[in-house]
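Here is a short briefing on one protein chain. Keep the sequence and the structure open while reading.

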Amino acid sequence: MCKVHRSPRRHGKTFAAVITVLVLAVMLPASAQSKKKKKNVPETKSKEEMKVQVDTSKLVWPEPPNLPRVRYTSYFAGMKFETTTEDKKPKQSWMDRLAGGQTQDEKVGSKKFPYQMLGPYGMAIDSKNRLYVGDQKVGAVFVFNTETRDTEMIRNGFEAHFAMINAIAVDDDDRVFVSDGKLAKVLVFDANHKIAGQINEGLVDPLGLAIDTERRLLYVVDTKQDVIFVYDADSLKPLRKIGKPGKNHTLTGPGEFSLPTNIALDQDGNVYVTDSLNFRVEIFDADGNFVSQFGQHCDAIGCFERPKGIAVDSDGHIWVVDSNLALVEIFNRDGELLAYIGGPGRSLGRFNDPMGIAIDKNNRVFVSEQYPWGRVQQFRYITDAESATMKAEREKAGIGKQQEAEKNKNQDQGKPKDTSRLNVPVPQPQ
């Protein structure tokens with residue numbers, strides 16, 4: 001009989017098959033066990049649920065237990081991002097993808113894309129409480145409904161032509177004035193945001209704007225000429241000027257300017273100007289006569305390094321934005337520092353390269369920032385009368401002495417002292 005010999009190749013195949021069966025037998029129970037474990041793993045939270053919740057009610061100045069005089073309320077960064085299922089386009093086919101065609105997301109037009117602020121500067125508020133923000137980098141004016149946060153736009157190349165938007169002012173008829181430094185003019189829009197006129201006579205580099213609605217005057221700061229031009233707000237014709245032009249930012253005397261930037265008016269028509277290279281604020285009466293000045297150059301709180309935006313609140317306090325110090329400083333007319341808010345940083349209530357400021361009739365305060373991206377923070381100024389009432393109510397409730405003791409204790413322990421002088425004494429009953 002012949003002996004049958006099995007080939008080594010067949011032995012190898014048989015051995016490989018046995019090994020494969022053993023591996024599968026080991027892995028299948030483990031895989032089933034892992035599936036069971038996955039079922040017990042809790043679902044991960046959505047991005048919305050993972051957002052850090054910040055209690056903004058505690059963002060007040062000065063810090064407790066002092067009476068608050070400024071309260072943080074909100075911020076604006078641009079148009080709302082809305083995700084809806086309406087008008088949903090079909091997915092791109094495999095042939096389009098193979099051919100390298102644009103996706104539906106890439107085909108979104110510029111009119112539909114939600115614009116975001118990049119370089120906001122000047123601001124103003126109209127009679128409908130809408131906030132106007134001029135953005136130098138986007139080349140547009142954002143118009144925010146501060147209640148619904150819906151946004152309209154006045155855009156370069158669409159509703160208007162802009163080159164460098166600086167400041168914005170709105171009169172009592174909701175006409176909008178926009179200064180453009182590169183085009184050397186002030187554009188005027190009607191209440192429907194249609195162009196209604198312009199001012200370019202005498203202007204070289206218009207920046208700050210302010211409107212005296214009672215006297216019908218428009219103030220325009222020309223930074224390069226070191227002059228403030230005054231125009232008739234209705235006819236747009238020039239009336240007079242404040243300052244001496246043509247001195248190349250070398251003048252330092254009272255009533256003179258060296259690179260003035262922004263301007264504000266109080267309820268009596270007095271004029272306040274940030275004189276940047278002289279590191280001061282100059283004050284003039286409604287007729288343009290020099291009244292006084294305050295400010296000094298240093299890097300401490302209460303000084304100026306780069307004064308920019310300026311505004312006056314309903315109690316006559318002067319709010320000045322300093323871009324280098326990243327502060328908003330609050331003074332009285334004598335130049336005494338009453339309080340300050342901010343400090344360098346991107347967290348709420350802090351500033352990075354702040355530029356402009358606006359205060360409306362409802363005591364809302366808006367501050368614009370430009371670095372590294374655009375933002376406008378909103379605050380609420382607590383008036384002298386409101387503060388006096390608040391203090392009287394606290395003392396009536398018997399917590400005045402307790403808070404005073406706590407404040408003294410905190411100061412003894414090295415905690416920040418009350419730097420605010422805005423708080424006024426409680427009126428005594430007659």
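**Helix 4**

Helix 4 covers residues 384-396, which is 13 residues. The model is a predicted one.

- Asp 384, Ser 387 and Ala 388 are the buried residues to look at in helix 4. They cover an arc of only 100° around the axis, so they sit on the same side of helix 4.
- The other side of helix 4 carries exposed residues: Ala 385, Glu 393 and Lys 396.
- Strand 25 (375-381) is included in what covers the buried residues of helix 4.
- Just after helix 4 comes Gly 398, with a positive phi of about 80°.

**The chain as a whole**

- The chain holds 5 helices and 25 strands.
- It has 430 residues, and buried residues make up 45% of them.
- Take the contacts between residues at least 6 apart in sequence: 47% of these join residues at least 24 apart.
- The chain exposes about 24,400 Å². Carbon and sulfur atoms supply 52% of that area.

- Val 186 has Ile 199 in strand 10 as its bridge partner.

**Asn 166, a residue of strand 7**

- Asn 166 lies in strand 7. Is Asn 166 buried or exposed? Its relative accessibility is 5%, so Asn 166 counts as buried; the cut-off for buried is under 20%.
- Which residues does Asn 166 touch, leaving out those up to four places away in sequence? They are Tyr 121, Gly 122, Gln 136, Ser 179, Asp 180, Gly 181, Asp 205, Pro 206 and Leu 207.
- Gly 122 is 44 residues from Asn 166 along the chain, yet their C-alpha atoms are separated by 5.8 Å.

- Another open sheet is formed by 4 strands in the order 15-16-17-18, with antiparallel pairing.
- Its edge strands are strand 15 (260-265) and strand 18 (290-294), each pairing on one side only.
- The twist from one strand to the next averages 20°.
- Strand 17 (residues 280-284) and strand 18 run antiparallel and are joined by 4 bridges.
- Phe 284 has Phe 290 in strand 18 as its bridge partner.

- Strand 21 (residues 327-331) and strand 22 (residues 337-342) run antiparallel, with 5 bridges between them.
- Val 328 stands opposite Ile 341 in strand 22.
- The hairpin has 5 residues between the strands. Gly 335 takes a positive phi near 85° in this hairpin.

Note on methods
Residues are numbered from 1 along each chain as its sequence is written. This is a predicted model: local features need pLDDT of at least 70, side-chain atom pairs count only at pLDDT 80 or more; totals for chains, interfaces and linings use all residues. Side-chain values use heavy atoms; hydrogens and water are left out. Helices (H or I, at least four residues) and strands (E, at least two) are DSSP runs, numbered from the N terminus. Buried means under 20% relative accessible area, exposed over 50%, partly exposed in between (1.4 Å probe, protein chains only). Contact means heavy atoms within 4.5 Å. Accessible areas come from the Shrake-Rupley method with a 1.4 Å probe; for residues, only the protein chains shown count as cover. Two strands pair if DSSP finds at least two bridges between them. The expected span of a helix is 1.5 Å times one less than its number of residues. The arc is that of the directions from the helix axis to the C-beta atoms. Axes are lines fitted to C-alpha atoms, for helices over the stretch in contact, and angles run from 0 to 180 degrees between N-to-C directions.
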